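Here's a quick briefing to read alongside the structure. It covers the annotated segments, then a group of aromatic side chains.

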Amino acid sequence: MSIIIRVLINAVALGAAVFLIDGLNVDTASTSETVIAYIALGALFGVVNAVIKPIVKTVGCAFYILTLGLISLVVNALLLLLTGWLAGMFGLAFTIDGFWPAFWGAIVISVVSWVLSLLLPGGDGDED
C-alpha cells in the first residue's frame with residue numbers, strides 16, 4: 001500500500017512541477033490520458049530514485065560532504081532529466097526543455113512530496 005501512496009505522491013508532485021515550471025510539459029489529448037501519464041511518471045520517477053540515487057550518493061559521498069549537500073540539487077535535477085529521457089523511451093508524453101527547468105522542477109517536486117508526506121497519516125516527512 002505504501003508503494004501506491006508513494007507513486008501517487010510522486011504523480012501529484014510532478015503535476016505541480018509541470019504546472020509551475022515552464023519547460024516541463026505533459027502533452028496528452030484527454031484528461032484520462034493525463035492522469036495515466038502522471039501515474040506512470042510517478043512510478044518511473046520512483047524507480048529512478050530508488051535505484052540510481054543511492055548509487056550516486058554512495059559514489060559521490062565526497063562531493064556531498066564538500067558541498068555541504070548542495071550537490072543534491074544538481075543530482076535531483078539530473079535524475080529528473082533521466083526520468084524525462086526514460087519517459088520518452090517508454091512513449092510517455094513528458095518533456096523537459098533543459099537543465100534549468102529540471103533543476104527548478106526537482107526543487108518543486110521535493111518540496112511538494114515532502115509536504116504531502118507530512119500530511120498523510122503515519123507520514124514522517126523523512127524525504128530526500
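What follows is a short tour of a predicted model, starting with the record and ending with the rings.

**Transmembrane segments**
- An unreviewed UniProt entry lists "transmembrane region" for residues 7-24, 36-56, 63-87 and 99-120.
- Take the 36-56 stretch: the chain there is 100% helix and 0% strand, and its end C-alpha atoms sit 29 Å apart.
- Residues 63-87 come out at 84% helix and 0% strand, with 28 Å between the end C-alpha atoms.

**Aromatic pairs**
- The count of aromatic pairs comes to 4.
- One of them joins Phe99 and Trp100, with ring centres 5.2 Å apart and 75° between the planes, an edge-to-face arrangement.
- Phe103 and Trp104 also make a pair, with centres 5.1 Å apart; their planes meet at 85°, so this pair is edge-to-face, the cut-off being over 60 degrees.
- Phe99, Trp100, Phe103 and Trp104 belong to one aromatic cluster.

**How exposed are the cluster members?**
- Phe99 is partly exposed, at 29% relative accessible area.
- Trp100 has a relative accessible area of 53%, so it counts as exposed, the limit being over 50%.
- Phe103 has a relative accessibility of 11%, and it counts as buried because that value is under 20%.
- Trp104, at 47% relative accessible area, is partly exposed.

How values were computed:
Residues numbered from 1 in each chain as written. Predicted model: local features only at pLDDT ≥ 70, side-chain atom pairs only at ≥ 80, totals over all residues. Heavy atoms only, no water. UniProt positions renumbered as here; feature names shortened; annotations may be inferred. Helix = DSSP H or I, 4+ residues; strand = E, 2+ residues; numbered from the N terminus. Phe/Tyr/Trp six-rings, centres within 6.5 Å; stacked < 30°, edge-to-face > 60°. Buried < 20%, exposed > 50% of the residue type's maximum accessible area, 1.4 Å probe, protein only.
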